[in-house]
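I opened this structure to see how the chain is put together. These are my notes, in the order in which I looked things up.

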Amino acid sequence: MSGKIEGVVETYLRQAVTAIGGMCFKLKAQDGNPIGMPDRLLVLPNGKCMFAEVKADDSKEPEPAQQRRIAELRQLGHVAVVVRSVTDVQRLLYTKCPPK
């Protein structure tokens, strides 16, 4: 069941970012990305980029490699978040890319 929920959240994230004029790229380890990279790179219309790791629910934590990578990205000044629901996606986009 958690795979379905995660898929719903990831689809919503992609659609919501696209709807506000941004781009949402899937990051895959086999594409040469380091282990632990978040699932998605969000390129927003206001010149901001951020990383999002999608998890099914509150009970599922990112893997240790993912937690380390998120911490590294934050240390470099990037926004790197874990989203677990449609509400999380809405809150993230409203906070980081508010409507005009």
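**Entry 1: the chain as a whole.** I began with burial: of the 100 residues of the protein chain, 35% count as buried. Buried means under 20% relative accessible area, exposed means over 50%, and partly exposed lies in between (1.4 Å probe, protein chains only). This is a predicted model, in which local features need pLDDT of at least 70 and side-chain atom pairs count only at pLDDT 80 or more, while totals for chains, interfaces and linings use all residues. Residues are numbered from 1 along each chain as its sequence is written, and side-chain values use heavy atoms, with hydrogens and water left out.

I then looked up the surface, and the protein chain exposes about 6100 Å². Carbon and sulfur atoms supply 55% of that area. Accessible areas come from the Shrake-Rupley method with a 1.4 Å probe, and for residues only the protein chains shown count as cover.

**Entry 2: helices and strands.** I found three helices and four strands in the protein chain. Read along the sequence, they follow the pattern α-β-β-β-α-β-α. Helices (H or I, at least four residues) and strands (E, at least two) are DSSP runs, numbered from the N terminus.

I also looked at contacts, meaning heavy atoms within 4.5 Å. Among contacts between residues at least 6 apart in sequence, 52% join residues at least 24 apart.

**Entry 3: the cores.** Which residues have the most contacts inside the largest nonpolar core? I noted Leu 13, Val 17, Leu 42, Leu 44, Val 83 and Val 89, in a core of 16 residues. A nonpolar core is a set of buried Ala, Val, Leu, Ile, Met, Phe, Trp, Tyr and Cys residues joined through side-chain atoms within 4.5 Å. Two or more residues of this core come from each of helix 1 (2–19), strand 3 (49–54), strand 4 (79–83) and helix 3 (86–96). Helix 1 gives the most, with four residues. Another core lies apart from this one; it has six residues, among them Met 37, Phe 51, Leu 73 and Ala 80. I set a general remark beside this: in soluble globular proteins, nonpolar side chains tend to be buried together.

Leaving aside neighbours within four places in sequence, Leu 42 is in contact with residues including Leu 13, Val 17, Met 23, Cys 24 and Leu 92.

**Entry 4: Leu 41.** Leu 41 is found in strand 2 (residues 40–43). I looked up the C-alpha separation of Leu 41 and Phe 25, which are 16 residues apart along the chain, and got 5.1 Å. Not counting residues up to four places away in sequence, Leu 41 touches Met 23, Cys 24, Phe 25, Leu 27, Cys 49, Met 50 and Phe 51.

**Entry 5: salt bridges.** How many salt bridges does a search of the whole structure find? I got six, a salt bridge being a side-chain nitrogen of Lys or Arg within 4 Å of a carboxyl oxygen of Asp or Glu.

I took Arg 40 and Glu 10, whose side chains meet in a salt bridge (2.9 Å, N to O). Arg 40 lies in strand 2 and Glu 10 in helix 1, so the pair ties together parts that are 30 residues apart in sequence. Arg 40 is buried, at 7% relative accessible area, and Glu 10 is buried at 11%.

I went on to Glu 61 and Arg 84, which form a salt bridge (3.6 Å, N to O). Glu 61 lies in the loop between strand 3 and helix 2 (64–75) and Arg 84 in the loop between strand 4 and helix 3, so the pair ties together parts 23 residues apart in sequence. Glu 61 is partly exposed at 46%, whereas Arg 84 is buried at 15%.

I also noted the salt bridge of Arg 69 and Glu 72 (2.6 Å, N to O). They are three residues apart in helix 2, about one helical turn. Arg 69 is partly exposed at 21%, and Glu 72 is partly exposed at 36%. Salt bridges that share partners join Glu 10, Lys 26 and Arg 40 into one network.

**Entry 6: disulfides.** I searched the whole structure for disulfides, pairs of cysteine sulfur atoms within 2.5 Å, and found zero.
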